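Me: I would like to go through this structure with you. Could you take my questions as they come?

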Amino acid sequence: MIGRSNVGKSSLINAVTGRKAIARTSRTPGLTRLCNVFAADTRYYLVDLPGYGWARASRTERAGFARLLQGYLTGRPTLAGVVWLLDIRHPPSRDDRAMGELLGGVAVPVLAAITKADKVPRGRRAEQVRAICAGLDLGDDQCIITSAHTKEGIGDLRDSIESLVEGGRRGSEESA
Ligand code: GTP
Ligand code: MG
C-alpha cells in the first residue's frame, strides 16, 4: 500500500482487513514512517509503507524512502503487487507522477485504489477518476473507487488483491 501522506492508507488497511484499528490512522500527515506489516488473513500480508510527499520531510528522509521503496519493489519474489492510493479529490501531484514513473519501471502489478469517495458527490466521481487515471496512465480496469468510511468498493478491492495474490502464487509455482 503506497500513496501520498494522509491519502488514507492506514484506514484502507483497516477496512480491507475488517479490523477497526490494526493500522494507526491520524490527522497528522506523515505519522506512518516505518514499514508496518499486517496479516490480512493467512494467505497474504498488507504492508503499510510511509506516505510520500510530506512537505516537512528532509532530503535525507526522502532519499531514504526512495531507497526503501526501490528495494521493496525489486527482487522480492513474494511481492504479489502494489496497491497505489490516490485521493479522489485531487488531480495527480508531482509526487504522484514521480511515483507513477517509479512503478512503471518495475515489473510489479499495480492496483489503483481511489480513496475517500464519500468526499465527492456521486455525480462528480467518474469525472474525477478519469482525470486521475488518465493523468497517471492507469487503465480503467486498474482503478477501484473506495471509501474506508462508507466501505464502498472495499469488497471489490479485497477481491482484486486476492486475485493478485493467487496469480502471483501460480506464477511462482510454474517457474519453480
Ligand atoms: P499517513 O500514515 O500519515 O501517511 O496517512 P495515511 O495515508 O495512513 O492516512 P490515514 O488512514 O491515517 O487517514 C488520514 C485521514 O483521512 C484521517 O483523518 C482519516 O479519518 C481520513 N480518511 C481516511 N479514509 C477516509 C475515507 O474513506 N473517507 C473520509 N471522508 N476520510 C478518510
Ligand atoms: Mg498511515
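Me: What lies over the face of Y72?
Reply: R76 does, at 4.2 Å from the ring centre. Please keep in mind that this is a predicted model.

Me: How many aromatic pairs does a search of the whole structure find?
Reply: Zero aromatic pairs are found in the whole structure.

Me: Let us step back. How many helices and strands are there in the protein?
Reply: The protein has five helices and six strands. Read from the N terminus, the elements follow the pattern β-α-β-β-α-β-α-β-α-β-α.

Me: And what is the order of the strands in the open sheet?
Reply: The open sheet has four strands in the order β1-β4-β5-β6, and their pairing is parallel. β1 (2-3) and β6 (143-145) are at the edges with a single partner strand each, so one side of each has no neighbour in the sheet.

Me: What holds strands of a sheet together in general?
Reply: Strands of a sheet pair through backbone hydrogen bonds, and the pairing is either parallel or antiparallel.

Me: How many bridges join each pair here, starting with β1 and β4?
Reply: Two bridges join β1 to β4; within that pairing, I2 has W84 in β4 as its bridge partner. Between β4 and β5 there are six bridges, and V83 is partnered there by L111 in β5. Strand β5 (residues 110-115) is joined to β6 by three bridges, with A112 facing C143 of β6 as its bridge partner.

Me: Staying with β4, how many of its residues are buried?
Reply: Six of the six residues of β4 (residues 82-87) are buried, which leaves the strand mostly covered. Both of its faces are covered: V82, W84 and L86 are buried on one side, and V83, L85 and D87 are buried on the other.

Me: Why does D87 count as buried, and what about R89?
Reply: Buried means under 20% relative accessible area. D87 has a relative accessible area of 3%, so D87 counts as buried. R89, at 31% relative accessibility, is partly exposed.

Me: How many salt bridges does the search of the whole structure find?
Reply: The search finds five salt bridges. One of them is between R43 and E162, with the closest N and O atoms 3.4 Å apart. That pair links distant parts of the chain: R43 is in the loop between β2 (36-39) and β3 (45-48), E162 is in helix α5 (residues 154-175), and they are 119 residues apart.

Me: Which residue does R125 form a salt bridge with?
Reply: R125 pairs with E152, and the closest N and O atoms are 2.9 Å apart. This pair also links distant parts of the chain: R125 is in helix α4 (residues 122-135), whereas E152 is in the loop between β6 and α5, 27 residues apart. R125 is buried, with a relative accessible area of 9%, whereas E152 is partly exposed at 23%.

Me: Changing topic to α1: how many of its residues are buried?
Reply: Helix α1 (residues 9-17) is mostly covered, with eight of its nine residues buried. The buried residues are K9, S10, L12, I13, N14, A15, V16 and T17.

Me: Finally, the whole chain. What share of the residues counts as buried, and how much accessible surface does the protein have?
Reply: Of the 176 residues of the protein, 41% count as buried. The accessible surface comes to about 9900 Å², and carbon and sulfur atoms account for 50% of that surface.

Me: And what share of the contacts joins residues at least 24 apart?
Reply: Among contacts between residues at least 6 apart in sequence, 68% join residues at least 24 apart.

Methods
Residues numbered from 1 in each chain as written. Chains lettered and ligands numbered in written order. Predicted model: local features only at pLDDT ≥ 70, side-chain atom pairs only at ≥ 80, totals over all residues. Heavy atoms only, no water. Buried < 20%, exposed > 50% of the residue type's maximum accessible area, 1.4 Å probe, protein only. Contact = heavy atoms within 4.5 Å. Areas by Shrake-Rupley, 256 points an atom, 1.4 Å probe, with all protein chains shown as cover. Phe/Tyr/Trp six-rings, centres within 6.5 Å; stacked < 30°, edge-to-face > 60°. Lys NZ or Arg CZ within 6 Å of the ring centre and 35° of its normal. Pairing = 2+ DSSP bridges. Salt bridge = Lys/Arg side-chain N within 4 Å of Asp/Glu carboxyl O.
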